[in-house]
Amino acid sequence: MTTAIAFEDVSKHYRGAEYRMFRDDLSTAAAHLLRRAPPTHDVVRALDGVSFEIPEGQSSALIGLNGAGKTTALKLATRIAYPTEGRIRVRGRVGALIEVGTGMHPELTGRENVQLYGRILGLSRRDINERFDRIVEFADIGEALDRPVKQFSSGMQLRLGFALASHLEPDILLVDEAIAVGDAGFQFRCVARMSELVREGRTLILVSHNLSAIETLCQNAILLRAGRVAADGNARDVVRQYLQAVQVDLAAAQGRESTVRQGSPLELTKVTILDRHGNELDAVKPDEPTTVRAHYRAHERIERPIFSVGLNDGQIGCFTVASMLVDGQAPAVIEGEGHVDCTWPSLPLFPRSYWVWLSVRGASGFGDIVDWQQVAVFSVVDDLEATGRGAATHSMADAPVKLPYTWRFSAAPSQGR
Amino acid sequence: MGRRYARRGLGLLFEVQTADRPMMSISMRRRAETHPAAGVKPFVEVAAGPGGISIAGLQEFWVFREVLWGFAVRQVKIRYKQAVIGIGWAILQPVVSAALFTVVLGRLASVASEGKPYLLFALAGLVAWTFFSNAAGSASESLVSNQSLLRKVYFPREVLPLATVGAALVDLVPGLVVLAVAAGLYGIAPSVAWLAIPLLILVLVVFASGFGFCLSAINVYYRDVRYALPFLLQLGLFASPVVYSLQAVPGRWRELYGILNPAAAAIDGFRRVFVHRDWPDVSITLGALGWASMLFVLGLVFFKRLERGFADRA
């Protein structure tokens, strides 16, 4: 298979100091002259010996925690920035959406920006005009097209940016995080457009924290961890690996007691996901009982602590919450160490990654003892063949919950006889 | 890899020799026809190491010439979009300065003006100098003031200072008109020597671009440039024969001075053409053009060498 993008042992180092002043260099030079050790500059290793290849026509994801080097990798692939070491090969025209407002100038109108950005991508005026209507239609900004971009809402800027990058015939489309900003309808169209490009045989690289989008849209994924490739392979497997890593990090964070308010009487020590036999796991089956177990240490007597556990799939807000505020099952009092279990007899969810949120409130429901926060991650695994890959691909912006339902067709009474 | 190139636009092939010091060399073609799926496109390769000037880079610059035009148009539009009197500023700046210098230097200090009215004498110098100063000054700021572009999109970076100098040309036009009208008012009719004007402007454009390459690149790394620049240009005003005559420079130094400071050559040329109805001094003008071209090339080499760090530092 032909390679679209290849990174060969690529490193990228940044100097820690944001700005270099002439006086810094003067002091370095002076130190050299005086044969003293020059003041050291912190070096940030954004990427450290990264190698991977992405074949033409493949959709790949770059995943990793903040600061893992995802955006840096995209910037190197687009020649915005250059590697400190190693070599990068890129085949074909690259359309990139790195941060909102890529390539757009705030003083110019939407129309003028389309023209300019098209030229930056190497298209002729005629090429741009041919695609102009489709871009405007996709961006759906209507009248605003002739207003300066600075008057656009961030959503409109994003829509125009994505419309531009994805319609100016890129061989390779790089999308960084951006689709998280748009509304659900636009996210849906972005996903549809991206899968369309993939079907046309173009190469897609998606950087996102939205793991469910990645699982549905990407065949492959590359996991970056502190500037190195930690995993490279099938998207589902790599996402799984990432989740395990996140679990470990979360556990470590809880071990450091950093998630608790200063002086809070209640401390969460550990949150685990258990199956019906009490085994810890990170991948659950939708039709089996699943338990979230929160271990705590109460430094004082706490009367009627109200626990709430919520689930979401990376979108804002939880789609379900189990709260003692609602069901009134708060224990009379807790003290010392213990754990609380919240069990769902089944989790009728589509196969993706889900976050567990948890909070503990005081007796009357006022005042957070433990703030509402993400405490664990798990994924639901199901037989994908049963749901169908096509269905999964367009379900990124759709609801995660799968309630039991039936379909019934009735033929409409025919008009004639 | 198949040597077939498909699709219009930007198809570049760099071959990189990786030795201790990787060098970028060099073959690059534009793709021929249009279908996305047709043919295997060549790789663009980027290896670590400092940037430099290459044939491939120059060819790529040619591919991006429309971007240069786009940026220049953009800058002109932005400049006048919210300015109430718009292009009037391009006239006001040299005219008001000329009036001021006429009062202070022409009248009070009685600076010699080659036997012509001081106002016209100063205006000719100021139209040329104002163009150079605006072009060189804004070119030096061009990278820093477009940092959002530098951090988000790829294009050959030299496009920015060049487009800025190009945009400044738009302001020169009303200045030239004012100068011609003022000359007319003093009874000086147009002459064939006006044909030399494009050459004089070329000297200024080449000089301002070279200046802009160097300072814009340094500006990314050392923001001190931002503070030094107005001061530097102020010094330049007095180091060039704007308010005084080139004739004030002792004869044996005059030629060297006019060449080493190409702005001086252009200013003197403007004066000869517009005020004296004469041709510019041939040896000074061509010498200045040669020297300015050398600065241009050196500036570009310097610029390309630093170019790769722009997005990280801007």
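This is a predicted model: local features need pLDDT of at least 70, side-chain atom pairs count only at pLDDT 80 or more; totals for chains, interfaces and linings use all residues.
Author: In chain A, strands S10, S12 and S15 form an open sheet in the order S10-S12-S15, with antiparallel pairing.

Reader: Which strands stand at the edges of that sheet?

Author: S10 (266–274) and S15 (333–344) of chain A. Each has a single partner strand, so one side of each is left without a neighbour in the sheet.

Reader: And the twist from one strand to the next, what does it average?

Author: It averages 15°.

Reader: How many bridges join S10(A) to S12(A)?

Author: There are 8, and the two strands run antiparallel. S12(A) covers residues 290–303.

Reader: Give me a pair to look at. What is the bridge partner of A:Glu267 in S12(A)?

Author: A:Arg297.

Reader: Moving on to S17(A). Do S16(A) and S17(A) run parallel or antiparallel?

Author: Antiparallel, with 8 bridges between them. S16(A) spans residues 353–361. A:Leu358 has A:Gln373 in S17(A) as its bridge partner.

Reader: What about S11(A) and S17(A), parallel or antiparallel?

Author: Parallel, through 2 bridges. S11(A) is residues 283–284, and S17(A) is residues 368–380. Here A:Ala283 is bridged to A:Ser379 of S17(A).

Reader: Step back. How many helices and strands in chain A?

Author: Chain A has 11 helices and 17 strands.

Reader: What percentage of chain A is buried?

Author: Of its 417 residues, 41% are buried. As for contacts in chain A with a separation of 6 or more, 73% come from residues 24 or more positions apart.

Reader: Domains next. Where do they fall in chain A?

Author: The domain assignment gives domain 1 as 3–242 and domain 2 as 257–383.

Reader: How many residues does the contact take from each?

Author: It takes 7 residues from domain 1 of chain A and 6 residues from domain 2 of chain A.

Reader: Which helices each supply at least two residues on the domain 1 side?

Author: H7 (211–217) and H8 (235–255) of chain A. H7(A) gives the most to that side, with 3 residues. By class, the domain 1 side has 2 nonpolar, 3 polar and 2 charged residues.

Reader: What does S4(A) pair with in chain B?

Author: S3(B), residues 43–47. The pairing is antiparallel, over 5 bridges. A:Ile88 stands opposite B:Val46 of S3(B).

Reader: Last one, inside chain B. At what angle do H7(B) and H8(B) pack?

Author: About 140°, with their axes 7 Å apart. H7(B) is residues 197–221 and H8(B) is residues 224–239.

Reader: Why oblique?

Author: Angles over 145 degrees count as roughly antiparallel. At about 140°, H7(B) is therefore oblique to H8(B).

Reader: Which residues make the contact?

Author: From H7(B), B:Leu215, B:Ile218 and B:Asn219. From H8(B), B:Val225, B:Arg226 and B:Leu229. By class that is 4 nonpolar, 1 polar and 1 charged.

Terms used: Residues are numbered from 1 along each chain as its sequence is written. Chains are lettered from A and ligands numbered from 1 in the order in which they are written. Two strands pair if DSSP finds at least two bridges between them. Helices (H or I, at least four residues) and strands (E, at least two) are DSSP runs, numbered from the N terminus. Axes are lines fitted to C-alpha atoms, for helices over the stretch in contact, and angles run from 0 to 180 degrees between N-to-C directions. Domain bounds come from an automatic or database domain assignment. Two residues are in contact if their C-beta atoms, placed from the backbone, lie within 7 Å. Ala, Val, Leu, Ile, Met, Phe, Trp, Tyr, Cys and Pro count as nonpolar, Asp, Glu, Lys and Arg as charged, and the others, Gly among them, as polar. A residue is buried if 20 or more other C-beta atoms lie within 10 Å of its own, exposed if 12 or fewer, and partly exposed in between; C-beta atoms are placed from the backbone. Angles under 35 degrees count as roughly parallel, over 145 as roughly antiparallel, 65 to 115 as roughly perpendicular and the rest as oblique.
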